[in-house]
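Reader: I would like to go through a model feature by feature and learn how to read each one. Please take sheets, interfaces and salt bridges in turn.

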Amino acid sequence: MRYAMAVDIRKCVGCSDCVVACQTENNVPHGFCREWVVETMNGTYPQLEIEIRSERCNHCINAPCVRCCPTGASHFAEGGIVLVEHNKCIGCGACMASCPYDARYPHPDGYVDKCTFCIHRIKSGLAPACAAVCPTKCIYFGDMEDPNSNISVVLKKRKSKTLIPEAGTKPQLYFLI
Amino acid sequence: MTSRRDFIRISLMGAGVLAIGKGTFGAAKLLSSPDEAKKLKVDLKRTPTYCEVCFWKCAGWVYKTSEGKIWKIIGNDEDQHCNGRFCPRGTGGVGMYYDEDRLKVPMIRVEERGKQVFREASWDEALEYVAGKMKDISSKYGPESMALFTHGSGSAYFTNLLKAYGSSNIAEPSYAQCRGPRDEAFLATFGEEVYSPEVTDIRDTKCLVLIGSHIGENMHNGQIQEMSDAIDKGVTIITVDPRFSTAAGKSKYWLPIKPSTDIALLLAWIHEIIYNDYYDKKYVEKYCNGFDKLKEHVKDFTPEWAYGITTIAPDKIRKTAKEMANASPAVIIHPGRHVTWYGDDTQRLRAIAILNALLGSWGRRGGFYRPAKYDIPSAKIPKYPEPKKSWTDAFPGKFPIASSPVSNALIDASIPDNKPGLLIKGWIINGTNLISSIPDQAKTKKAIQDLDLIVTVDTMPMEITGWADVVLPECTYLERYDMLRISPHRKPAIALRMPAAEPKNNTRSGYNIARGLAVKLGLESYFPFEKKEELLDWQLKQVGSSLEEMQHIGVKTKDREADDLYFAENENVAFSTDSGKIELYSKYFEDAGYDPLPKYVAHEEPPEGFYRLIYGRTPMHTFGRTSNNPNLTDLMHENSVWINPKISKMWGLVNGQYIWLKNQDGIISDFKIKVRVTERIRWDSIYMVHGFGHGQKQLKRCFGRGASDTQLITKVLTDPLMGGTGMRSNFVTFVTEKSEKEVAS
Amino acid sequence: MEEEIFVSGRMNQLIDPQLNIWHWQIPLYLFLGGMAAGILCIAALYYIRGREKDYSTAVRITPFIAPVLLVFGLIALFIDLRHKLFFWQLYINIRLQSPMSWGAWVLMVITPVSFIWCALHIRDIFPRWDWKYKWLYDIESFFNKYKKVLAWIMLIYGIVLGIYTGILLSAFNARPLWNTSILGPLFLSSGLSAGAAATLILSKNIAERKQFARIDLVLIGIELFLIIHMFMGFLASTQVQIESAKLFLGGPYTMSFWIFVVILGMLIPALLEFMELGKFHVPAIVPAVLVIFGSIMLRFIIVYAGQVSRWLY
């Protein structure tokens, strides 16, 4: 089982619903976010191009955060989801420094926190909060090893890219272009 | 969850959601122990509601933690408005409940208006004060001198109250400040308005033309969802916008039009559609009147003519016209929503309506569908008294086409110097921040000075509450029952709103407040049900449901009575116009003394050193009402002013710099606004999101953040047909240092 | 024009607009650990080579500073932790791929070893020292018997301590400035240099001082070589690394790096020590203090500048 997520940037409008839904679902403290939306724009008026992406932790296969964690608090859970065990985390910050996507943040309670692919929802058969709320339905989530899951189907149909693949982390968040 | 000790016991008449022990489904009972819940067979974990943050009214579930605290809001899968997915404001609705800056207790003014010195009062005293003043106005000037400005769910109750009292001056700013011209134009053309939510069949359309609609930045939930579905199906989107909007980023064609020239483009399209025989001949022949006059009228409005005015190349105008024709009838020239721009907006929307009619999209799949709604009986109440005067008597002959009272006309009628035929002496303002929604703030503030009474009903201490005589704090939608939502849609549906928590502090629901006032005024018979939920149960039982059922399912949809979502082939449709047909040529307008066919009129251009102020929305906020919401300020806590790099270079402005804006009448924004240097905006305009620049210190999160566009909109181009306030003819320049004198003023 | 913005207002404290999770505690620890490592390595090395008599200060006296440095270093590390109550988790897990884990365990070994080494030489400072308990005397004679083994342990762990501080940073390839394997040897030489400088200050033996001045000179040469190659590597590498190198070549850290670390911390002490060797008398304390200062500044600047460099946004 290998969980992954794909965001269709053709449809994402940058409403940031994913960010708010994640915040209420996971009680993310105010002032912090587990996901975010980036807009990149190129060109000169009126020849312009815009790309809007909903981003979060990439749950990399070759996660540097798991590798650098001195206590094993950052670990791989089922499906390759990268999780932080709060009571093993000492708050040293190694994982935050090692993430090229800057996807982690220091929770006010002391441990380090980040997107969990809503593993508590996946266990009940629900999609992660962001995928479930997105009004444009541009967030796909599922098991890459299942050829019939909607993410496998959409990745076969469409061209996709990941962010800074040259960082060597093998990210599992795809952007459908 | 607040303890019961925290609310002041409300007197019998205002029981509302605090009913304890009465009936199985009083809100208080719902939040008691799990054991009791099992007995009640009500799911403690989630309660149904429909969102109040914007007008879309998506139905959803409020989930609570095991301690009974409001946790999150999720969409109801059965709801046609949202299909189980709430927008960011709806999802962030929990913030409205938890916002500690909320109004907490009724307040009565003790110093002059605007000074914001209040004393706390009990509900009884506050309602008595208001009722007393209303009785004074009634005896001195007549009940017709009271006006209501309203928006949202509470409108029904306060409208009922005011009508019972004897006034019909009930204005929704969403009419004259927003959708009014569109509704009138479509009423005049098709005999029907576009409704809210709009009856656009986006999910099945093949060509979506957005002229003045920034879907994706406006968060019309259903429309964004359907546009996404349409993109999957390969829709062609054509966006006409001087700014590279999000929708423009997803469009096949983006027409970067020169601001204020939209009518020229529309006329050129009409010309192309007619003279190239692109129009739906069968449809036009069967359903439309005035085609020949229209054809003659647009004879000279060629793409080349439009090019000179709009700066859009003729071949692009031709190409896009052809795209529309290819897609016909599954094409939508989107009517937009906020269309009050230049004062000739009704005519511009007429052009849009005409274009839709020519392409045969009205009543067809992929165009505009025919909505259906539930028929819910209302409570039996006595007949309303007939008012001797109405708002049209204030300035006879003005705004003849308006089918709803015009808010700015009522404001004008409150100023004695204007010598109105009907002088307004009292305002009740429910759920709308007039200071921010009505342009020309100076006039609004002047009008307030001469009133005998101004009452605001609100959840947050918005600017308008600072000017009130009495501030009545309402609880949020998460803490109250409200009327059933029966908005029209593809299938008739009802949605229930029930409280997920008891009203915080000393707030009450709108129904409660309106009924309380009614009782004080001796109009109790117009509010026969003491508690809203009793009325709801009665209404639901009349249509074969019950309050209990709705509490479990949230939304009830039924099939249409007939298979008439679209026009049937060769159906003899009777349009509600004078002629019974679609009026391409509007005799109705002609008879009122206005152009029966739209004409292009040039509008004022920015003077040297000034830039046109264009404003819009952001999907994270709803107008100015969510600016203090903690969940949403996390996303966006201030607006920024978009400036083209050529201009910023000229002025020496850099990205992230804070400046003030000064408009053509010398008004300088109270607060600084952040500069965003971007290519997405034309060099003759600047863009900012509406709803920031709040001046209320009580709004701790948003006070002083960003600048208010309303403050800078002092020139208003009033639409003579229906009173719409055109707001896009204001020009601003940049101020990098505010002198001490200006700061102090 | 290219524009990249956060639409959703992201501003995670300590992460945006740039990483800011490590403050003075970490560079201070890196310096204290590095200097302690240098002192202990030199002490162990000369002991093993049998030069204890020639360099008695280096082998016997200077190591007394090491436990103090290590303890303060450990305190600084502890203060830096954000979830302090769970710090013990470090010591019930060993993760070979995490340099931080090695560091925790290496410190766990070398701190007691340094205390023991000092205990063995305690009579050099306090001639009339009395352990009072027989078992303590037994322990002392035990370690005296195996002093050579102890020295080897100290040498190896000292090298690991000195080098792992650099490897620790270079393991975080998400910070392009640190993503170079040169940081390990650079920090080790810097630590050795600071350790040698400590002896330079404390020693009263002219021959010893001369030797250590020479050692320092060689180490400074190595450091300069490494720094030059580090920059050459960055400038020939990917865009993000070119940009991180630019922080020192015209960016905000230019002045502080070249003046404090290179000129004051390396070139001037080298010049002074050169002059010392050429019989021009300079008080030894001056170059030694400058070297230590340069060592501190190197770590502070690298840690702070590293946090500024990032791949995205």
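Author: What follows goes through sheets, then chain contacts, then charged pairs. Keep in mind that this is a predicted model.

Reader: Let us begin with a sheet. What is the strand order in the open sheet of 4 strands in chain B, and what is the pairing?

Author: To read a sheet, list the strands in spatial order and then note the sense of pairing. In chain B the order is E10-E9-E8-E12, and the pairing is parallel.

Reader: Which strands of that sheet stand at the edges?

Author: Strand E10 (253-255) and strand E12 (331-334) of chain B do. Each has a single partner strand, so one side of each lacks a neighbour in the sheet. From one strand to the next, the twist averages 10 degrees.

Reader: How many bridges join E9 and E10 of chain B, and which residue stands opposite B:Thr239?

Author: Strand E9 (residues 236-240) pairs with E10 of chain B in the parallel sense over 3 bridges. The residue opposite B:Thr239 is B:Trp254, in E10 of chain B.

Reader: Which helix packs on this sheet, and which strands does it touch?

Author: Helix H15 (residues 345-358) of chain B packs there, touching strand E8 (207-211) and E12 of chain B. The direction of H15 makes about 175 degrees with that of E12 in chain B.

Reader: Now the interfaces. How many residues does the contact take from chain C and from chain A, and what area is buried between them?

Author: Start with residue counts and area, then ask which residues and elements contribute. The contact takes 42 residues from chain C and 50 residues from chain A. About 4000 Å² is buried between the two chains, and carbon and sulfur atoms give 56% of that area. On the side of chain C, C:His83, C:Arg95 and C:Trp311 supply 15% of the area buried against chain A, more than any other three residues.

Reader: How many salt bridges and polar contacts are counted between chain C and chain A?

Author: There are 3 salt bridges, and 26 residue pairs are in polar contact. Strand E1 (2-6) and helix H4 (99-120) of chain C each supply at least two residues of the side that touches chain A. E1 of chain C gives the most to that side, with 5 residues. By class, the side of chain C that touches chain A has 22 nonpolar, 10 polar and 10 charged residues.

Reader: With which strand of chain A does E1 of chain C pair, and in what sense?

Author: E1 of chain C pairs with strand E2 (residues 36-44) of chain A in the antiparallel sense, over 5 bridges. In this pairing A:Thr40 stands opposite C:Glu4.

Reader: What does the contact between chain B and chain C look like in these terms?

Author: The contact takes 8 residues from chain B and 6 residues from chain C. The two chains bury about 550 Å² between them, 52% of it on carbon and sulfur atoms. In chain B, the residues that lose the most area to chain C are B:Met620, B:Leu635 and B:Arg676, together 54% of what that side buries. The interface has 3 residue pairs in polar contact. The side of chain B that touches chain C divides into 4 nonpolar, 1 polar and 3 charged residues.

Reader: Which parts of chain B does the pair of B:Arg480 and B:Glu52 link?

Author: Here the closest N and O atoms are 3.9 Å apart. The pair links distant parts of the chain, 428 residues apart. B:Arg480 lies in the loop between strand E15 (470-473) and strand E16 (493-495) of chain B, and B:Glu52 in the loop between strand E1 (46-50) and strand E2 (59-64) of chain B.

Note on methods. Residues are numbered from 1 along each chain as its sequence is written. Chains are lettered from A and ligands numbered from 1 in the order in which they are written. This is a predicted model: local features need pLDDT of at least 70, side-chain atom pairs count only at pLDDT 80 or more; totals for chains, interfaces and linings use all residues. Side-chain values use heavy atoms; hydrogens and water are left out. Two strands pair if DSSP finds at least two bridges between them. Axes are lines fitted to C-alpha atoms, for helices over the stretch in contact, and angles run from 0 to 180 degrees between N-to-C directions. Contact means heavy atoms within 4.5 Å. Buried area is the accessible area (1.4 Å probe) that two parts lose on being put together, summed over both. A salt bridge is a side-chain nitrogen of Lys or Arg within 4 Å of a carboxyl oxygen of Asp or Glu. A polar contact is a pair of N or O atoms within 3.5 Å; within protein, one must be able to donate a hydrogen and the other to accept it, and residues adjacent in sequence count only if both atoms are side-chain atoms. Ala, Val, Leu, Ile, Met, Phe, Trp, Tyr, Cys and Pro count as nonpolar, Asp, Glu, Lys and Arg as charged, and the others, Gly among them, as polar.
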